[in-house]
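Visitor: I would like to learn how to read the features of a protein model, one after another. Could you take me through this one?

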Amino acid sequence: MKNLLKKKLNEDQPVIGTFVGLGHPDMTEMLSRMGFDWLVIDSEHAPLGLETIQLMLQAMNGTECVPIVRPAWNDMVAIKRILDVGAHGVLIPWVNTREDAEYAVRACKYPPEGIRGFGPRRAGLFDPDYARTANEELLVIAQIETREAVDNLDEILAVEGIDAAYVGTFDLSISYGLTFPDFTNTDYLQAFDQVLAVAQKWKKPVGMYSFSNNVEWAVKKGFKLITVDSVDTFLMRSAAMALKKA
């Protein structure tokens, strides 16, 4: 297994992706050929079953766009099944403590590093080296989306096997008492600075959910693992523009 996204991050390159919550392989087929470095197939908030996720992964075959899946929860069964159908990594929601991070890593790694059961159905189907390389190549991303997680980030990133942190912009705003992300709020902005400082200490990349109007800010601040908007946003925005013009 070779993970191009992990390679780019190890070379300190910023990588741009987007969220895909519309459950059809056409979505990932089109987007993976547009130049995105990675796509997050979202099964936390979107109604995506495992069969649909597999089809969406298959539609990305033949591209250099890397498929990452966000499971519904930090759960070893959900993570195992997602990896077995071919995800190159997982974005684990609600990682608030060192213990949460350690559990996520164990769920992703084969023994002796972890507890992932062996059965890489699709992931290993055409890759004879999968079992040997998966522990090293899979990308394990801890989603940081609460005050608690920000305060515990030093311990979270100290966990061997956590490859990166990713700020969940919306949930973090709620944790700071905001209805929506407010990039003029001092306390909220300070959380982003704190995350960046801790990530730099551990020499691990950190990312965030950004928007079309602040993705440049995110890159300039030093975020590397960036998503911009979502498929739903792209669809609604383009449809609204076309309708307004008509």
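Guide: Let us begin with a definition: Ala, Val, Leu, Ile, Met, Phe, Trp, Tyr, Cys and Pro count as nonpolar, Asp, Glu, Lys and Arg as charged, and the others, Gly among them, as polar. Please keep in mind that this is a predicted model.

Visitor: How many nonpolar, polar and charged residues are in the lining of the largest pocket?

Guide: With those classes in hand, the lining of the largest pocket divides into twelve nonpolar, seven polar and five charged residues. In total 24 residues line this pocket, and Asn61, Pro67, Gly86, His88 and Arg122 are the ones that lie nearest its centre. The volume of the largest pocket is about 560 Å³.

Visitor: Which residues lie nearest the centre of the second largest pocket?

Guide: They are Asp12, Ala199, Lys203, Lys204 and Pro205, out of 18 residues that line the second largest pocket. The space in this pocket is about 410 Å³, and its lining has seven nonpolar, four polar and seven charged residues. Both α1 (4-10) and α10 (186-202) supply at least two residues of that lining.

Visitor: Is Lys203 buried or exposed, and is Asp229 buried or exposed?

Guide: A residue is called buried under 20% relative accessible area and exposed over 50%. Lys203 has a relative accessible area of 73%, so Lys203 is exposed, whereas Asp229, at 2% relative accessibility, counts as buried.

Visitor: Where is there a cis peptide bond?

Guide: A cis peptide bond, with omega of about 10 degrees, joins Pro111 and Pro112. Pro112 belongs to the loop between α5 (98-108) and α6 (130-137).

Visitor: Why is strand β5 said to be largely enclosed by the rest of the structure?

Guide: In a regular strand the side chains alternate between the two faces of the sheet. In β5, Leu139, Ile141 and Gln143 point one way, while Val140, Ala142 and Ile144 point the other way, and all are buried. Because six of the six residues of β5 (residues 139-144) are buried, the strand is largely enclosed by the rest of the structure.

Visitor: Which strands pair with β5 in the parallel sense?

Guide: Strand β4 (residues 89-92) pairs with β5 in the parallel sense over four bridges, and Gly89 has Leu139 of β5 as its bridge partner. Strand β6 (residues 164-167) likewise pairs with β5 in the parallel sense over four bridges, with Gln143 standing opposite Tyr166 in β6.

Visitor: How many residues does the largest nonpolar core have?

Guide: The largest nonpolar core has 62 residues, and those with the most contacts inside it are Leu83, Tyr130, Ile144, Leu153, Ile162, Leu172 and Phe223. The element that gives the most to this core is α10, with seven residues. There is also a second, separate core of 16 residues, which includes Val66, Leu91, Ile141 and Tyr209.

How values were computed. Residues are numbered from 1 along each chain as its sequence is written. This is a predicted model: local features need pLDDT of at least 70, side-chain atom pairs count only at pLDDT 80 or more; totals for chains, interfaces and linings use all residues. Side-chain values use heavy atoms; hydrogens and water are left out. On a 1 Å grid over the protein atoms alone, a cavity is a set of points where a 1.4 Å probe fits but cannot get out, and a pocket is an open set with protein on both sides within 12 Å along at least five of seven lines; lining residues have an atom within 4 Å of a point. Grid points are joined across faces, edges and corners, and a volume is the space filled by probe spheres set on the points. A nonpolar core is a set of buried Ala, Val, Leu, Ile, Met, Phe, Trp, Tyr and Cys residues joined through side-chain atoms within 4.5 Å. Buried means under 20% relative accessible area, exposed over 50%, partly exposed in between (1.4 Å probe, protein chains only). Two strands pair if DSSP finds at least two bridges between them.
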